[in-house]
Amino acid sequence: MREIDFSKFSSIKIGPKVEVWEIDEVCKIPEGFFLIGGANNLLVSPNPPPLAILSKKFDYIFEDKEGVHVGAAASGGKVLSYAKKHNLKGFELLQKLPGSMGGIVKMNAGLKEFCISDNLINALIDGARRAKNSIDFSYRKSGIKGVIFEAVFEKKEGFDYALVEIFKNMRNNQPNLPSAGSCFKNPPNDFAARLLEAAGFKGKRVGNMAFSDMHANFLVNLGGGIYEEAITLIDEARRAVFEKFGIRLELEIEIVR
Ligand SMILES: Cc1cc2nc3c(=O)[nH]c(=O)nc-3n(C[C@H](O)[C@H](O)[C@H](O)COP(=O)(O)OP(=O)(O)OC[C@H]3O[C@@H](n4cnc5c(N)ncnc54)[C@H](O)[C@@H]3O)c2cc1C
């Protein structure tokens with residue numbers, strides 16, 4: 001077991017201090033457990049279900065003829081540094097994309113049209129090797145139900161520094177305050193930030209939580225923000241956008257309750 005204080009560990013700086021089961025061998029986790037990665041996409045309630053996290057045993061990177069093997073507990077930043085050092089292409093989107101590789105693959109995380117599955121060959125899920133084409137990847141979704149222990153990526157030469165610059169620039173309008181990244185998914189052919197702004201939610205504050213005045217789709221913690229304030233803002237924003245545009249915003253962040 002490992003004690004985790006989510007008000008420090010999670011990127012949005014909200015949540016209780018709880019005992020978390022540390023997994024150190026390939027297995028299936030019992031029903032009812034919620035697996036966390038780096039908690040960069042999570043809003044953890046004061047009374048979460050039993051939680052699990054992968055141990056450091058799954059924090060590795062190595063190459064063989066098949067490709068680049070990445071343990072699911074390795075951080076995106078570590079993989080990015082490895083790709084730079086070994087001149088590997090296809091990992092540039094990890095620039096400033098916080099998370100463990102397990103969480104990043106599960107969320108099919110990415111920027112604009114680029115996503116982590118672009119370069120994936122297979123993943124080790126619940127002990128079974130699954131080819132990419134047997135996994136249902138789509139926008140910020142993988143459909144993966146089990147635990148990802150490892151991901152194998154294509155080994156292509158030529159780390160693209162120009163692409164990294166593009167990704168860095170895309171992030172210039174993102175706030176520096178604690179958040180869990182984009183709060184809502186972009187609906188087809190529109191932008192959640194545009195809808196939130198038009199519904200009057202850019203900069204809208206409840207207690208110490210707010211939709212950023214820099215980017216309306218970032219729910220930020222102004223300091224000491226709490227779960228209930230975050231939930232109030234999320235519910236109010238969804239209601240207002242639905243009333244004004246008839247669009248049901250889908251959460252990109254995951255609420256763990
Ligand atoms: C400032 C900021 C900017 C961000 N920008 C982006 C962005 O540009 N694009 C983007 O896509 N996301 C972005 N995010 C969100 C976040 O980086 C991604 O969702 C990332 O994939 C979260 O990884 P994590 O390890 O923190 O996962 P967590 O937040 O801990 O978990 C996310 C999901 O993954 C599951 N999971 C975690 N590990 C595993 C595993 N080993 N096996 C199976 N399931 C697992 C969890 O159960 C949960 O469902 C941003 C977040 C922040 C804070």
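The following legends describe close-up views of a predicted model.

Residues are numbered from 1 along each chain as its sequence is written. In this predicted model, local features need pLDDT of at least 70 and side-chain atom pairs count only at pLDDT 80 or more, whereas totals for chains, interfaces and linings use all residues.

**View 1. Division of the protein into domains.** The protein is divided into domain 1 (2-56), domain 2 (60-166) and domain 3 (175-256); the bounds come from an automatic or database domain assignment. Between the C-alpha centres of domain 2 and domain 3 the separation is 28 Å.

**View 2. The open sheet of 5 strands.** Its strand order is β6-β7-β12-β10-β11, with antiparallel pairing. Strands (E, at least two residues) and helices (H or I, at least four residues) are DSSP runs, numbered from the N terminus, and two strands pair if DSSP finds at least two bridges between them. β6 and β11 (128-131) stand at the edges with a single partner strand each, so one side of each is left without a neighbour in the sheet. On average, neighbouring strands of this sheet are turned by 20° against each other, direction ignored; the axes are lines fitted to C-alpha atoms, and angles run from 0 to 180 degrees between N-to-C directions.

View 3. β6 (residues 61-63) pairs with β7 (residues 68-71) in the antiparallel sense over 3 bridges, and a hairpin of 4 residues joins β6 to β7. Ile61 has Val70 as its bridge partner in β7, while Glu63 has Val68. β7 also pairs with β12 (residues 148-153), in the antiparallel sense over 4 bridges. Here Val70 stands opposite Ala151 of β12.

**View 4. The shell around the ligand.** The ligand is surrounded by 31 residues, of which Gly37, Gly99, Gly102, Gly103 and Gly181 are the closest; a residue is near the ligand if its C-beta atom, placed from the backbone, lies within 6 Å of it. Two or more residues of this shell are given by each of β3 (34-36), α3 (101-106) and β8 (110-111). The largest share, 4 residues, comes from α3. By class the shell has 16 nonpolar, 12 polar and 3 charged residues, where Ala, Val, Leu, Ile, Met, Phe, Trp, Tyr, Cys and Pro count as nonpolar, Asp, Glu, Lys and Arg as charged, and the others, Gly among them, as polar.

View 5. Phe201 is found in the loop between α5 (192-198) and β13 (205-206). Phe201 is buried, because 22 other C-beta atoms lie within 10 Å; a residue is buried at 20 or more such atoms, exposed at 12 or fewer, and partly exposed in between, with C-beta atoms placed from the backbone. Not counting residues up to four places away in sequence, Phe201 touches Leu196, Phe211, Ala216, Ala237 and Ala240, contact being C-beta atoms, placed from the backbone, within 7 Å. From Phe201 to Ala216, 15 residues apart in sequence, the C-alpha to C-alpha distance is 6.6 Å.

**View 6. Surroundings of Glu157.** The loop between β12 and α4 (161-170) holds Glu157. Glu157 is exposed, because 8 other C-beta atoms lie within 10 Å. Its contacts, not counting residues up to four places away in sequence, are Asn87, Leu88 and Lys89.

Terms used: Two residues are in contact if their C-beta atoms, placed from the backbone, lie within 7 Å.
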